[in-house]
Amino acid sequence: MIYEQTLQQKCSPVKFQERTPGTRSSSVESNALRFFTGCIIWFDILSCVSTNAPPNLAAHHRQLLLGPASDTGRSIGLHTICGAQNWVLLLISESAALAYQNQRTSWRRVVDSDTQSSEAAAKSIEIRLRSHHHQLREELSALRRRHNGPPPHSLPETYAHHTVLVVTSIFASAAAIYLQTATARSSDTSSDLVKLPLQEIIDTMKMIPDYRVFRGLVWPLCVAGCMASTAEDQEFFRDKSKGAVGDAKSFGNSAKALEILEKSWELERKRGTLVDCSAVLKELGTCVLLV
C-alpha cells in the first residue's frame, strides 16, 4: 500500500501549471493512468508466488518501468505505490518467469541445454540483484551515518527517501530468497542457501522507524519468514506480522501473512525441511495476493 506519511512528499499531488482546462485534465488523466498501471504491475509481479505462474504482463514490464511514458515523459515509479524501487520488482518478475519455466521443464525429460540455460538465467538475475542491492546498501549506510540513524521527520524528503531505501532493501533480500527457492531443482531448500539474505532482511527490518510500514511488507514477510528455521528468527517474523495485523485492523492481508508463517513452521517441524511460501499457499488451498 502507499505509505501515507513516510512517503508523503513523494506522493503529494502534482502542481499543475495553469494553462487551459484541457491541459489540466490531460495531466490529471496521465497521473491517474500511471498510478493505476503501476498498481496492476505491482499485483501482476507479486501474485506469482501465489499462482506459480509467470507475470501476465512480463513482456511490458521493462518498457513501462524503465522507459519514459510517451505522453508525459515520466516513467512509472513503483516506490510511490509499494515503497520499493522499480529494479527490484523487475528482477522478481524475471525470477517468477524463470521459476515457471523450470516447472515446465520438470514435467518433461530435461536435457543438458535446458539445465544450462536455466542456471545461466538464474545466475544473471542473482548477479544483477547483488549489484543493485550492494549499491543501495552503500547509499543507505551513508545516509544513516550522516544522520546517526534514520533522518528526522523535519526533513520529509530525506526521511521518505530513507524509507524507500529500507523497503527496497527488504524486497531485494526477499527476492534473493525467492530466486533460490523458486528455481531450486530439489524440493528441499537448505537453510544455508538463504542464511545470508534472511539475516539481511532481519537487520534491515530493524531499521524501519514507523511500524505502519509493515502493512505493505506482506510479500517479503511471507517469502522470507517461511525460510526462518530458528526459534529466534521465527519469533522475529511472528512479532512483525502481529504488529502489522494490529496496525492494519481489517485492512490488507497482514493476517494472512501470520497464518502462512505459522503453517510453514508447522510443516517444517513435521517434515524436517523448510517449506517455501508457494508450497504453503498450495497446502492451505488458497491463492491470496500478498500485499
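The chain contains eleven helices and zero strands. The model is a predicted one, and reading from the N terminus, the order of elements is α-α-α-α-α-α-α-α-α-α-α. The chain has 291 residues, 45% of which count as buried. Its accessible surface amounts to about 14600 Å², with 51% of that area belonging to carbon and sulfur atoms.

In soluble globular proteins, nonpolar side chains tend to be buried together. Here, the largest nonpolar core comprises 72 residues, and Trp219, Phe237 and Leu290 are the members with the most contacts inside it. Helix α6, spanning residues 156-183, supplies the largest share of this core, with eleven residues. With its neighbours within four places in sequence set aside, Trp219 touches Leu46, Val49, Ile92, Phe171, Ala174, Ala175, Tyr178 and Leu290.

A pair of aromatic rings is described by the distance of the centres and the angle of the planes. The structure holds five aromatic pairs. One of them joins Tyr178 and Trp219 in an edge-to-face arrangement, at 5.8 Å centre to centre and with 75° between the planes. This pair links distant parts of the chain, since Tyr178 belongs to helix α6 and Trp219 to helix α8 (residues 218-225), 41 residues apart. Both Tyr178 and Trp219 are buried. The rings of Phe236 and Phe237 also pair: their centres are 5.5 Å apart and their planes stand at 90°, so this pair is edge-to-face. Phe236 is buried at a relative accessible area of 14%, and Phe237 is buried at 0%.

Charged residues provide another set of links. Side chains of opposite charge can pair when their charged atoms come close. Eleven salt bridges are present in the structure. In one of them, Arg238 pairs with Glu262, and the closest N and O atoms are 2.7 Å apart. Arg238 sits in helix α9 (residues 231-248) and Glu262 in helix α10 (residues 254-271), so this bridge ties together parts that are 24 residues apart in sequence. Arg238 counts as buried because its relative accessibility is 16%, under the 20% limit, whereas Glu262, at 28%, counts as partly exposed.

Glu266 is partly exposed at 26% relative accessibility, while Lys270 is exposed at 62%. Arg271 bridges to Glu283, with 3.1 Å between the closest N and O atoms. Glu283 is part of helix α11 (residues 277-284) and Arg271 is part of helix α10, so the pair ties together parts twelve residues apart in sequence. Glu283 is partly exposed at 42% relative accessibility, and Arg271 is partly exposed at 47%. Elsewhere, Arg62, Glu94 and Arg128 are joined in a network of salt bridges.

Key:
Residues are numbered from 1 along each chain as its sequence is written. This is a predicted model: local features need pLDDT of at least 70, side-chain atom pairs count only at pLDDT 80 or more; totals for chains, interfaces and linings use all residues. Side-chain values use heavy atoms; hydrogens and water are left out. A nonpolar core is a set of buried Ala, Val, Leu, Ile, Met, Phe, Trp, Tyr and Cys residues joined through side-chain atoms within 4.5 Å. Buried means under 20% relative accessible area, exposed over 50%, partly exposed in between (1.4 Å probe, protein chains only). Helices (H or I, at least four residues) and strands (E, at least two) are DSSP runs, numbered from the N terminus. Contact means heavy atoms within 4.5 Å. Accessible areas come from the Shrake-Rupley method with a 1.4 Å probe; for residues, only the protein chains shown count as cover. A salt bridge is a side-chain nitrogen of Lys or Arg within 4 Å of a carboxyl oxygen of Asp or Glu. Rings of Phe, Tyr and Trp (its six-membered ring) pair if their centres lie within 6.5 Å; planes under 30 degrees apart count as stacked, over 60 as edge-to-face and the rest as tilted.
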